[in-house]
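Here is a briefing on one protein chain.

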Amino acid sequence: MQFKLKYILLLLIVSISINSTAQKSKRQVLEARRVQLQKDQIYINALLSNTIRTEKNVLNQLNDLKAKIKTRQELIKAIENESKELSNEIYTNQLEINKNKRALEALKKDYGEMIYSSYKSKSQNSRIMFLLSSENFFQGYKRFQYMKQYTAFRKKQGDEIHKKTSELQALTDSLQVKKDQKKALLDIQKQEHSVIEKEKKEQEALLAKVKKKENTYKKQIKQFQKEESRVASQIDKLIRAAIAASNKKSGATKTTTTSKSATSFALTPAAKELNSKFKLNKGKLDWPVERGYVSTFYGKQPHPIVKTTTIQSNGVRITTEKGSKARAVFDGTVLAVQVTSGNKKAVLIQHGNYITVYKNLENTFVKSGDNVKTKQEIGTIFTDKITGKTILGFEFWNNTHKENPRPWIYKM
């Protein structure tokens, strides 16, 4: 009976331990995610708080609010997930406490019966008589060994009760800690909900302003799109010229502009190796800035504020802090440094058949033909004097075809 009880208890402890470890691991992941989101929120709020409030800047204000609200919503969701996991842990802990209480009661009962049995025959005379009544020496020896084992088992049972009592107390303390953690999370969640409601009201007021002057803002957006198309056309011409030069240098046969040789680089063995390494790093490439967040994603999409207007983004726009530097996402060679409107610069870096483009630079630290390394600074990102925004335009080209940079950059 005693062996069976111990076996059941051992299985129970192992089962609880495995389950508890798995839950703890999951919550640690959720907690890390929540902490990172809180850091991101502080950083994004710091970036956006620098915006100069002017009538001309209403679209930026709305975009800022949208980014803030999105980050706050992600944080609230992360808190909800972590809180649910804590609730599961609290429930599991309570089950463990209940099971430990039952196990402790069973141990105490078993121990009590053993003490009572021992008490009835505890006198020294009874023990001596028990030994002397042995039929032979071998039986006496066996009885002596039994008495020793019985005494040791009593001590072990006592130690086990003490251990179980300590475990029960630790679980009870842990349960209280988890309850306190959950309360703290719910308090943060409540604060975030309060702030988000305030931001949504501010957003509604700004949207009303935009609606009154929607045509004006449409013209601003159209002008911006026109400039984007012009720069994209220039980049396309630069890439095609570089492809033609590479084909000529390699001695490729002249063909029509629709042939493969006219739309892809003739690569040297070293360039082929670099191209292969670049492809293998898809999804792991470094960000083109040290810190920042994507404020506009790639592709055709409704304008984030003026929903009646569609915009075409040839890459992503990354909002960062004033004075930030653009960095090469991978080893490569500077294909060209292009001057755009307002005397701003764009740097094109070739990585075999792939080209990464870094736009809206105030100045550059590289020139055409330079070899660059991963994370090498290539220029200072321009800060708009009116909006106070520092935004890097980042594009990704596969020969003459534009691609979405997001699948290539780590956690973009």
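A salt bridge here is a side-chain nitrogen of Lys or Arg within 4 Å of a carboxyl oxygen of Asp or Glu. The model is predicted. It holds nine salt bridges.

**Salt bridge Asp286–Lys375**
- Asp286 pairs with Lys375, with 3.9 Å between the closest N and O atoms.
- Asp286 sits in the loop between helix H7 (269-280) and strand E1 (293-296), and Lys375 in the loop between strands E9 (371-372) and E10, so the pair ties together parts 89 residues apart in sequence.
- Asp286 is partly exposed at 25% relative accessibility, and Lys375 is partly exposed at 44%.

**Salt bridge Glu395–Lys359**
- Glu395 and Lys359 form a salt bridge at 2.7 Å, N to O.
- Glu395 belongs to strand E11 and Lys359 to strand E8, 36 residues apart.
- Glu395 is buried at 2% relative accessible area, and Lys359 is buried at 8%.
- Shared partners join Glu228, Lys359 and Glu395 into one network of salt bridges.

- Glu227 bridges to Arg230, the closest N and O atoms being 2.9 Å apart.
- Both residues lie in helix H5 (residues 214-250), three residues apart, about one turn of the helix.
- Glu227 is partly exposed at 22%, as is Arg230 at 35%.

**Nonpolar cores**
- The largest nonpolar core has 27 residues; Leu285, Ile318, Tyr358 and Ile378 touch the most other members.
- Strands E4 (316-320), E7 (345-351), E8 (354-364), E10 (377-381) and E11 (390-398) each supply at least two residues of this core.
- Another core, of 13 residues, lies apart from it and includes Val231, Ile239, Ala242 and Val357.

Note on methods
Residues are numbered from 1 along each chain as its sequence is written. This is a predicted model: local features need pLDDT of at least 70, side-chain atom pairs count only at pLDDT 80 or more; totals for chains, interfaces and linings use all residues. Side-chain values use heavy atoms; hydrogens and water are left out. A nonpolar core is a set of buried Ala, Val, Leu, Ile, Met, Phe, Trp, Tyr and Cys residues joined through side-chain atoms within 4.5 Å. Buried means under 20% relative accessible area, exposed over 50%, partly exposed in between (1.4 Å probe, protein chains only). Helices (H or I, at least four residues) and strands (E, at least two) are DSSP runs, numbered from the N terminus.
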